[in-house]
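Please read them with the structure open.

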Amino acid sequence: MAASIDKYLNGQSAVMADLKHMVEMVSPTTSTVLVLGETGTGKEMVSRAIHHSSGRTGDLISINCAAIPSELLESELFGHEKGAFTGAEKPRQGRFEMANGGTLFLDEIGDMPISLQSKLLRALEERTIQRVGGGKDIQVDFRLVCATHQNLKSKVDEGSFRADLYYRINVFPLQLPSLAERKVDLPVLIKAIMENMKAMGDAVDFQFDEDAVAEMMRYSWPGNVRELRNVLERAHVLFAGKTIGATEVRENLLRMKAPKKNQEADFLWQATADLGDPNMANGDGLDKPALPHPSDYRDWFAYFDDMDLRRHLQDIEITLIEAALDKHEGMVSRAAEALKLRRTTLIEKMRKYVIEKPANSPES
Ligand SMILES: Nc1ncnc2c1ncn2[C@@H]1O[C@H](COP(=O)(O)OP(=O)(O)OP(=O)(O)O)[C@@H](O)[C@H]1O
Ligand SMILES: [Mg+2]
């Protein structure tokens with residue numbers, strides 16, 4: 001395998017091995033590649049792997065179609081001539097021309113305004129472009145890689161993406177696995193990202209014990225490798241020089257609750273070390289379990305973009321009902337008491353969520 005592919009795409013899982021093999025095969029060709037995958041799965045990394053093992057001597061030129069206002073996108077892509085519009089004082093090359101001899105990476109292609117799609121299609125078909133305000137055809141030799149986290153086919157069906165453009169770019173699709181589909185790669189990814197953080201000049205000297213890694217394996221990683229990277233950067237800030245255990249992973253790294261900004265790392269370490277098992281009574285004298293406080297969710301949107309509230313509340317309900325049944329060996333009336341529910345209400349909920357009593361539990 002070309003060394004550069006391994007350098008960009010870490011992971012030894014079967015899905016990653018397949019993906020790297022595909023990247024290796026397609027890179028030296030001029031085929032258009034469409035990189036698909038959830039947010040944070042590494043689409044941009046794939047574009048770099050492709051470019052750097054393609055043998056193309058030009059540059060990798062990237063443009064994020066979602067990040068540039070649509071009225072500026074055209075001149076960004078195609079360039080403009082002097083006087084093409086107010087403010088166009090000098091002629092300027094667009095990204096297509098800059099990518100001459102190299103690779104053009106159109107990120108978030110699903111957000112390409114429909115008004116520009118026909119112009120893009122023409123550039124892809126004829127390999128020539130015209131600058132804004134210019135009448136001359138300019139030949140460009142580029143290799144195209146596109147990426148999106150959206151379902152382009154349904155955009156075509158709903159009419160916001162041209163079908164002919166879709167078929168033009170969907171030549172060699174590469175589907176990136178979510179991190180949840182390749183959790184076996186976590187240790188390798190953690191190592192690679194920490195190495196990368198070191199290379200950026202940080203003295204990275206925290207480590208995870210076995211339980212901590214096991215805890216991370218249990219998590220679902222909705223933000224994929226980017227979320228993992230954020231967690232590691234957080235670990236670097238909070239736990240410099242420390243060995244991190246499962247509790248810290250759960251309480252300080254994966255939980256949405258941000259530690260208070262002015263807490264010193266050592267203080268935080270002390271505080272969390274004292275928390276002990278979160279399932280134990282929290283010592284307030286009332287023998288209540290240490291449930292997350294509703295205000296812990298206040299910072300949720302500081303870290304995440306959305307939440308399926310109904311599903312989350314259901315998940316909490318299911319988890320607590322199962323835990324209560326477990327604790328009381330499947331005795332529904334005792335579990336109901338523990339949850340401060342009527343027995344009939346609990347039975348109703350168990351039916352609704354298809355929750356079974358634990359095996360070998362006595363009747364109640
Ligand atoms: N295989 C990998 N090995 C190491 N780091 C990775 C890998 N894949 C992704 N990363 C890291 O994860 C982060 C997200 O990667 P990238 O920007 O390529 O994702 P993306 O799929 O383009 O996400 P988005 O859809 O949000 O733009 C980056 O910091 C990148 O360095
Ligand atoms: Mg990206």
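1. In this note, a residue is near a molecule if its C-beta atom, placed from the backbone, lies within 6 Å of it. Around ligand 1 there are 18 such residues, and N10, T39, G42, K43 and E44 come nearest. This is a predicted model, in which local features need pLDDT of at least 70 and side-chain atom pairs count only at pLDDT 80 or more, while totals for chains, interfaces and linings use all residues. Residues are numbered from 1 along each chain as its sequence is written, with chains lettered from A and ligands numbered from 1 in the order in which they are written.

2. The shell around ligand 1 consists of 6 nonpolar, 8 polar and 4 charged residues. Here Ala, Val, Leu, Ile, Met, Phe, Trp, Tyr, Cys and Pro count as nonpolar, Asp, Glu, Lys and Arg as charged, and the others, Gly among them, as polar.

3. Domain 1 (3-177) and domain 2 (182-279) each give at least three residues to the shell around ligand 1; the bounds come from an automatic or database domain assignment. At least two shell residues come from each of α3 (43-52), α9 (186-199) and α11 (224-238).

4. The protein chain has 17 helices and 9 strands, taken as DSSP runs numbered from the N terminus (helices: H or I, at least four residues; strands: E, at least two). Of its 364 residues, 27% count as buried, that is, with 20 or more other C-beta atoms within 10 Å of their own; exposed means 12 or fewer, and partly exposed in between, with C-beta atoms placed from the backbone.

5. An open sheet is formed by 5 strands in the order β2-β3-β6-β1-β7, with parallel pairing; two strands pair if DSSP finds at least two bridges between them. β2 (60-64) and β7 (172-175) are the edge strands with a single partner each, so one side of each has no neighbour in the sheet.

6. Which strands pair with β1 over 4 bridges? Strand β1 (residues 33-36) pairs with β6 (residues 143-148) in the parallel sense over 4 bridges, and β1 also pairs with β7 in the parallel sense over 4 bridges. V33 stands opposite V145 in β6, L36 has T148 of β6 as its bridge partner, and V35 stands opposite L174 in β7. V33 and V35 point one way from β1, L34 and L36 the other way, and all are buried.

7. A192 belongs to helix α9. A192 counts as partly exposed because it has 18 C-beta neighbours inside 10 Å. The C-alpha atoms of A192 and Y8 are separated by 9.8 Å, although the two residues are 184 residues apart along the chain.
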